[in-house]
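This report describes strand pairing and chain crossovers in one structure. The sequence and model are shown first.

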Amino acid sequence: MSLDTGLDAHADPHADPHAEGLGLPEGQDGPADGPTFDSLDPATGDVVGTHPVDDAAAVDAAVARARQSAGWWAALGFDGRKEVLAQWRGVLTRRIGQLAAVVHAETGKPHADAALEIGLAIDHLAWVGAHAEKVLGRKRVSPGLLLSNQTASVEYLPLGVVGVIGPWNYPVFTPMGSIAYALAAGNAVVFKPSELTPGVGRWLADSLREVVGDRALLQVVTGFGETGAALCRADIDKLAFTGSTATGKRVMATCAERLTPVVIEAGGKDALLVDADADVTAAADAAAWGAFSNAGQTCIGVERVYVHEQVYDRFLAELSDRARAVHAGNDPAAKLGPMTMASQVDVVRSHVSDALQRGGRAVVGGEDTVGERFVQPTVLVDVPEDSLAVTEETFGPTVTVRKVRDMDEAVALTNAGKYGLGSTVFSAKRGPEIARRLRTGMTAVNSVISFAAVPGLPFGGVGDSGFGRIHGPDGLKEFTYAKAVTRQRFKPVLNLTTFDRTPEQDTTFATLLTALHGRASQLPKRPRKPLRTRKD
């Protein structure tokens with residue numbers, strides 16, 4: 001859930017991010033003689049931590065360590081892995097305040113929002129431990145009548161080592177959607193966190209190391225685009241990426257060098273649709289949270305709103321009131337933090353400026369509220385559909401609102417975009433019907449972003465939002481390969497896989513096939529047309 005990551009790409013605020021004996025794993029001894037970089041507090045510019053710039057050799061070494069542990073981890077089986085993941089879940093839960101302090105320091109988001117993100121990740125970790133065997137374990141499959149002498153089964157086996165390139169905007173919840181599911185499926189993981197949040201990645205790996213001792217189940221490599229590219233080229237079996245569409249394309253191209261499969265969760269430009277019979281107050285509240293929370297740095301955040309003309313004025317008034325009631329800052333009353341990636345401020349400014357120059361109006365905020373580190377909520381109306389604020393991912397606390405004559409127009413405008421990640425519908429009677437018509441991977445009806453918090457639901461998009469799925473049964477299977485097995489129980493009456501097959505057996509096969517399937521595939525009889533007679 002971020003614009004760019006590593007390819008090119010209620011807590012004590014004074015808590016030490018590396019306290020309580022969370023030592024670095026063997027082979028990850030922190031900054032040494034090589035190049036290093038600093039992670040910074042985006043609100044102040046202060047240095048939070050110093051980390052190594054891992055080169056290709058360091059990445060390969062991390063993958064090799066993970067490979068050594070992958071066999072042991074897979075051999076533990078579902079019950080053994082479930083126990084380890086439960087112990088890790090306990091560590092995360094008991095130290096949620098400490099981890100939230102690291103997230104706050106590196107992203108600037110409020111401590112309460114950091115704790116919320118971690119809590120959701122913990123819930124997903126619990127789900128994968130409880131459901132992995134049911135989803136991936138061996139199941140019998142009917143062999144059919146032609147092969148009734150066989151038994152058939154399918155199971156989903158771990159790939160081996162999975163690479164994960166994670167984002168900075170939700171540095172725990174988003175990568176854990178790949179890490180936890182890959183681990184539960186029996187894989188070891190090498191994780192490259194964003195260069196903006198390396199401390200969060202280290203903290204996660206250190207905490208799991210406390211549970212599994214000297215096993216390298218979760219290795220972390222840190223650095224910039226070259227480190228991410230090295231992970232793509234390393235001896236991994238699959239790579240899961242979250243970031244911008246442009247960076248996702250580079251990830252795919254690099255992974256293609258080794259024919260390494262990828263999962264891509266790219267950008268979004270999510271829409272919220274408000275029908276005439278919607279609860280307008282609830283819709284405005286959802287739109288405000290979806291657009292402005294985490295300073296708008298959410299790939300499934302609300303960036304466009306299409307409102308039925310019958311409730312447009314009331315909705316806009318309520319949304320505007322809510323936008324004015326929250327602000328970004330460092331003070332205790334601030335609900336929003338700074339822009340984590342400094343360059344994103346210019347993107348937000350350019351989108352707002354373009355919208356205003358194209359005839360749009362800012363009913364709340366505007367260009368003047370885009371500061372150096374903090375961006376205040378902005379509500380834009382009368383914005384053309386081909387403007388940057390509508391067509392491109394803004395990734396800031398801004399939202400466009402448009403009046404529509406009906407939900408048919410709202411659906412058409414929503415589907416006209418190139419992205420297709422999430423969406424939201426508010427309607428008393430037609431919510432599910434409208435949701436099915438939206439070309440997005442996920443839709444929340446009468447709530448916002450709720451689909452991401454349900455561990456059993458797949459998460460992912462279509463179009464420029466990427467492909468593949470994390471979360472849910474689909475997310476578990478994403479990090480496995482299907483293994484099909486047949487076993488002969490007794491010799492067949494009609495052996496079809498032999499050169500000793502006789503013409504009589506071929507005739508028997510044809511007769512049997514016709515009996516089984518011929519009638520079902522028979523075309524319906526058509527009434528015979530009367531013969532035409534020539535007129536003299």
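This is a predicted model: local features need pLDDT of at least 70, side-chain atom pairs count only at pLDDT 80 or more; totals for chains, interfaces and linings use all residues.

The antiparallel pairing of strand β4 (residues 150–158) with β20 extends over 9 bridges. Within this pair, L157 stands opposite Y481 in β20.

## Parallel pairing around β6

Strand β6 (residues 188–192) pairs with two strands named here, β5 and β7. Strand β5 (residues 161–165) runs parallel to β6, and the two pair over 5 bridges. V164 stands opposite F191 in β6. Strand β7 (residues 218–220) is also parallel to β6 and is joined to it by 3 bridges. Here V189 stands opposite L218 in β7.

Helix α6 (residues 198–212) carries the chain from β6 to β7 in a right-handed β-α-β crossover. A right-handed β-α-β unit is also made by β5, helix α5 (residues 173–184) and β6.

## Burial of β6

How many of the residues of β6 are buried? The count is 5 of 5, and the strand is described as mostly covered. In a regular strand, side chains alternate between the two faces of the sheet. In β6, A188, V190 and K192 lie on one side and V189 and F191 on the other. Both faces are covered, and these residues are all buried.

Notes: Residues are numbered from 1 along each chain as its sequence is written. Side-chain values use heavy atoms; hydrogens and water are left out. Buried means under 20% relative accessible area, exposed over 50%, partly exposed in between (1.4 Å probe, protein chains only). Helices (H or I, at least four residues) and strands (E, at least two) are DSSP runs, numbered from the N terminus. Two strands pair if DSSP finds at least two bridges between them. A crossover is right-handed if, with the strands pointing away from the viewer, the path from the first strand over the helix to the second runs clockwise.
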